[in-house]
Amino acid sequence: MAFNVLGLTQGTERVYAVLVHMPHATASELAGACELSVPSTTRQLADLVKEGLATRATGRPPRFTAVAPDIAVTALIRRREKQLDEARSQMHRLMEAHREASRISSPDLAVELLTERADVSAAVQRMTTQAQREIRAFDRPPYVDRPGSNLDEQIKRQRRGVAHRVIYDRAAVAWPGRLADDILPSVRAGEQARVRTELPLKLVICDSRVAIIPISSAPGGQLAAYLVKSSPMLVALEALFEVEWERAVPLPLTSRTAAAEAGLESRTGEPDQETRSLVSLLAAGLTDAAIARAQGWSERTTQRRIHRLMSQLGVDTRFQAGLTAARRGWL
């Protein structure tokens with residue numbers, strides 16, 4: 001996981017990475033090493049000290065030392081987890097407060113319960129068609145409709161300027177054919193996609209105006225959903241999405257053609273697209289079997305590629321591979 005996912009800016013992360021190799025450095029020394037101005041570096045150092053990633057020694061000029069990465073990253077992760085827990089708690093409190101009211105369908109209610117398949121489908125269609133700015137979603141199985149069945153409509157929306165940000169549960173990425181036939185075409189059309197090991201629910205939010213939460217979507221079973229209108233409940237769902245978005249791993253565009261023509265790294269030292277995809281899936285927590293299904297490889301090929309990646313990065317574990325790749329800017 002890259003540090004910017006944990007709330008740091010790209011500049012702050014850059015200064016920290018250099019400071020790890022230059023203990024007891026001054027702002028001026030770091031500025032030269034980072035090719036930044038001294039005022040900018042000083043601001044980044046102040047942020048690092050505030051976030052607990054660096055210490056400042058008294059003196060003229062003051063000198064800075066990086067806190068050990070394992071300690072620093074653990075503190076940032078705990079802080080983000082606390083924010084996520086608070087957002088989830090708020091959502092559950094609001095759900096309880098509206099549960100009884102949502103059993104009655106009324107345009108005046110902030111939360112409306114939809115119990116007919118046709119009503120749920122119509123609500124989703126209406127929401128997405130009327131979207132003007134952005135659609136945000138949590139995507140996870142099970143699925144009522146075949147994944148990718150609405151791909152053409154999504155691409156049309158993206159072409160007219162509606163941004164799409166989607167977080168996929170690792171089970172969605174591992175769904176046979178889903179990555180190649182649905183997710184990657186969406187990404188090529190402009191969707192921003194990220195992956196989480198596990199998502200708490202299915203969700204679609206349109207324009208900060210309305211959201212829908214499927215609560216029963218077993219194939220062949222009854223389909224029901226909560227339609228959430230402008231309210232504190234919707235604000236809580238937006239907060240939950242944004243916290244999960246920061247914690248999720250970006251899913252890069254994968255090109256099998258480029259991967260077939262390149263090795264593990266290109267001549268410039270940068271990883272090819274297939275390697276970036278493998279790193280993202282590893283960081284998202286997918287098993288070897290799930291990665292194999294998502295990439296269309298055999299499990300033996302998957303294990304061989306993972307071992308080759310770990311060897312190239314000089315690490316012993318999958319976690320170290322993800323962290324090292326993040327530090328190199330591969331995620």
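Residues are numbered from 1 along each chain as its sequence is written, and side-chain values use heavy atoms, with hydrogens and water left out. Because the model is predicted, local features need pLDDT of at least 70 and side-chain atom pairs count only at pLDDT 80 or more, whereas totals for chains, interfaces and linings use all residues.

**Figure 1. Overview of the chain.** The chain holds 14 helices and 10 strands; helices (H or I, at least four residues) and strands (E, at least two) are DSSP runs, numbered from the N terminus. Of the 331 residues, 46% are buried, where buried means under 20% relative accessible area, exposed over 50%, and partly exposed in between (1.4 Å probe, protein chains only). Among contacts (heavy atoms within 4.5 Å) between residues at least 6 apart in sequence, 68% join residues at least 24 apart. The accessible surface amounts to about 16800 Å², with 50% belonging to carbon and sulfur atoms; accessible areas come from the Shrake-Rupley method with a 1.4 Å probe, and for residues only the protein chains shown count as cover.

**Figure 2. Surroundings of Arg-178.** Arg-178 lies in helix 8, which spans residues 178-188. With a relative accessible area of 5%, Arg-178 is buried. The side chains of Arg-178 and Asp-182 are joined by a polar contact of 2.5 Å. A polar contact is a pair of N or O atoms within 3.5 Å; within protein, one must be able to donate a hydrogen and the other to accept it, and residues adjacent in sequence count only if both atoms are side-chain atoms. Leaving aside residues up to four places away in sequence, Arg-178 touches Asp-139, Tyr-143, Pro-147, Tyr-168, Ala-172 and Ile-183.

**Figure 3. Cis peptide bond at Pro-61.** Arg-60 and Pro-61 are joined by a cis peptide bond, with omega of about -5 degrees. Pro-61 belongs to the loop that runs between strand 1 (54-57) and strand 2 (63-66).

**Figure 4. Backbone at His-24.** Although His-24 is not a glycine, this residue has a positive phi of about 65 degrees. His-24 is located in the loop between helix 1 (10-21) and helix 2 (27-34). The residue His-24 is exposed, since its relative accessible area is 52%.

**Figure 5. Backbone at Ser-208.** Ser-208, also not a glycine, has a positive phi of about 55 degrees. The loop between strand 7 (203-206) and strand 8 (210-216) contains Ser-208. Ser-208 counts as partly exposed because its relative accessibility is 39%.
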